[in-house]
Amino acid sequence: MGNMNKLAAVAQIKWLCMSQNTAVVIGPFMVIGMVWGFKILYSNFGPNGELIPIMMAMLLNLGVTMNICINGFLMVGTAIAEEKEKHTLRVLMTSSVTGMQYFIGSILYPFVLTVVINFAILWVSGIEMGQVSVPVFFLVSVIASLISCVIGMIVGICASTQMNANLIGYPLMMVFMMVPILGNLSEGLRRISGFLFTGVVTQMTDCFANGMEYKIEALDIAVLFGELIISMLVFLVMYRKNGYEKD
Amino acid sequence: MEQNVLLQLSHISKRYKTELALKDINMELHPGEILGFLGPSGAGKTTTIKIITGQLRQTSGEAKILGTDSANIDASIYERIGVVSDNSGIYEKMTVWQNLNMFAKIWRVPRTRVEEVLRQVDLSEHSKKQAGKLSKGQKQRLVLARAVLHKPRILFLDEPTSGLDPTTAVEIHKMLLDLKKEGMAIFLTTHNMEEATKLCDNVALLYQGEIVEFGSPQELCLKYNHDKRYQILLDDRKEIILEQSPENIRKIAEWMEKDQVQCIHSCEPTLESVFLQVTGKTLNAW
């Protein structure tokens, strides 16, 4: 019971901090706004003002991967860096909050937000919901969001300031976001994309946009769970070395 | 470890690459005691607090807090200590109430205790104010309120009045003395010797990572009171300082007979002068 209290308190603190940080809050709205704007802009290319499948695929790929990367890498990472900058992390960690409670409390809201916004993106994009396998989309979204939040925690451990978190987070975001999106243009990138968790996400959204049935393959499952395990291990190694904050 | 020893440091040393930050530190802290850790900036005061509170690992020696090795400090120990670091660490965008209420949830402290502590630190009427908009003194009172919210057995204070105006510093001193009366043990680091003399039962003078003197402020002052001196203000506003000697005593008696003395004070050494005698350095030089 006491542990749940602490977890709830940490999650609430993180939520208040994130919701009061304009730079962090703007991310999810920007993604939804971008999807909505592109939809309006490119609707003219299709019959009856609808998006053609290739445009819908691009829109979903961009929206979903950007959402996953922004909320995970940047929102989580920047929030930890902000706590370091303002010396509140040290206060929390000497107040009887455990590393695990801080971990869960830190990723809880960004994780839920990422999954919810992924569904919002589907809705805003105007895709025919009959083309979407909701359970599969949910499962892949959940795992991908979790991976990105864990990577965000790693970014947070490495960064000492918010600027620092952005410097580390943006290159990661470029790799995990742009490689799958540009995979349609280059065979090499497409192959690499198949080994990225965001690549699995774009394969799925490509299928939905083109009205094809998406069957999750063994390699996709291996990539998703493999990268989740790897990111957790990297986080644990880094946490065991210096905790959340290096002295 | 004796039951009434809350904190025990035995032969603690800390090395950062080539620099020795702490050297063979030994001390104990008991309930209701205020222990001052005094020294200039960079002497190792914050490093000591970090080692005791499990934020930093010592190179050698043993630090025991509430019977537990500080290397193995866990949530149950953190629930019984309060830490005020040299940086305030308050959530500036949250209100005063939110800042305390979040930690009340962590420590499972009832709402009435939050209200009580707010009254104690005289911040009740600012409870809905954003913490970032408080004055420096109010922020420090908020930090102190947060640290004592769960009635810890030991309170660690790292330079609690540094940069505060004298009135606020006096208010904080009063609060600390009240907490001491309640039986709380306080580990205080400061470079303010007056503060230490006023508050501490025992002080450790720290210089270049080493405790160069330990004892009560009065004991230390008496120990280093080698040259007894008197400060005399004469009727003609002339201020004279004389060392104790038969000749000077005769001179003083003569002035007193002639009713020429306005006032006379014995010049006891202060912790500042003790520090100077022991290290050859003044604290102000830092």
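Q: In chain B, what share of the contacts between residues at least 6 apart in sequence join residues at least 24 apart?
A: The share is 68% in this predicted model. A contact here needs two C-beta atoms within 7 Å.

Q: How many residues of chain B are called buried, and what makes a residue count as such?
A: Of the 286 residues in chain B, 40% are buried. The cut-off is 20 or more other C-beta atoms within 10 Å of the residue's own. The C-alpha trace of chain B spans about 70 × 45 × 35 Å along its principal axes, and the chain has ten helices and 13 strands.

Q: Why is A:G156 called buried?
A: A:G156 has 29 other C-beta atoms within 10 Å. The term asks for 20 or more, so A:G156 qualifies as buried.

Q: Where is A:G156 found, and what is it in contact with beyond its neighbours within four places in sequence?
A: A:G156 belongs to helix α6 of chain A. Its contacts, with those neighbours left aside, are A:V76, A:G77, A:I80, A:A81 and A:A165. A:M75 is 81 residues away from A:G156 in sequence, and their C-alpha atoms are 9.6 Å apart in space.

Q: Where in chain A is confidence lowest, and where is it highest?
A: Helix α2 (residues 22–42) of chain A has the lowest confidence, with a mean of 89. Helix α6 (residues 134–158) of chain A has the highest, at 97. On a scale from 0 to 100, chain A averages a pLDDT of 92, and 99% of its residues score at least 70.

Q: How do you know on which side of α4(B) its buried residues lie?
A: In helix α4 (residues 111–120) of chain B, the buried residues are B:V114, B:V117 and B:L118. They cover an arc of only 105° around the axis, and therefore lie on the same side of α4(B). B:T112 and B:R119, on the other side of α4(B), are exposed.

Q: What do the buried residues of α4(B) pack against, and which residue just after the helix takes a positive phi?
A: Their packing partners are α3 (96–106) and α5 (136–148) of chain B. Just after α4(B), the residue with a positive phi is B:D122, at about 60°.

Q: What makes β12 and β13 of chain B edge strands?
A: Three strands form an open sheet in chain B, in the order β12-β11-β13, with antiparallel pairing. β12 (239–243) and β13 (261–266) of chain B each have a single partner strand, so one side of each has no neighbour in the sheet. On average, neighbouring strands of this sheet are turned by 20° against each other, direction ignored.

Q: How do you know that β11(B) and β12(B) pair?
A: Pairing requires at least two bridges between two strands, and β11(B) and β12(B) have five, in the antiparallel sense. B:I232 stands opposite B:I240 in β12(B), and B:Y230 stands opposite B:L242 in β12(B). Their hairpin has four residues between the strands, and B:R237 takes a positive phi near 65° there.

Q: Why is β12(B) called hardly covered?
A: Among its five residues, the count of buried ones is zero.

Q: Which domains does the assignment give for chain B, and where do their centres lie?
A: The domain assignment gives domain 1 (7–80 + 152–222) and domain 2 (226–267) of chain B. The C-alpha centres of domain 1 and domain 2 of chain B are 40 Å apart.

Q: How many residues of chain B are in contact with chain A, and which elements give two or more of them?
A: In chain B, 22 residues are in contact with 21 residues of chain A. On the side of chain B that touches chain A, α2 (75–78) and α3 of chain B are the elements that give two or more residues. α3(B) has the largest share of that side, with five residues.

Methods: Residues numbered from 1 in each chain as written. Chains lettered and ligands numbered in written order. Predicted model: local features only at pLDDT ≥ 70, side-chain atom pairs only at ≥ 80, totals over all residues. pLDDT = per-residue confidence, 0-100. Buried ≥ 20, exposed ≤ 12 C-beta atoms within 10 Å, placed from the backbone. Arc of directions from axis to C-beta. Axes fitted to C-alpha atoms, helices over the stretch in contact; angles between N-to-C directions. Domains from an automatic or database assignment.
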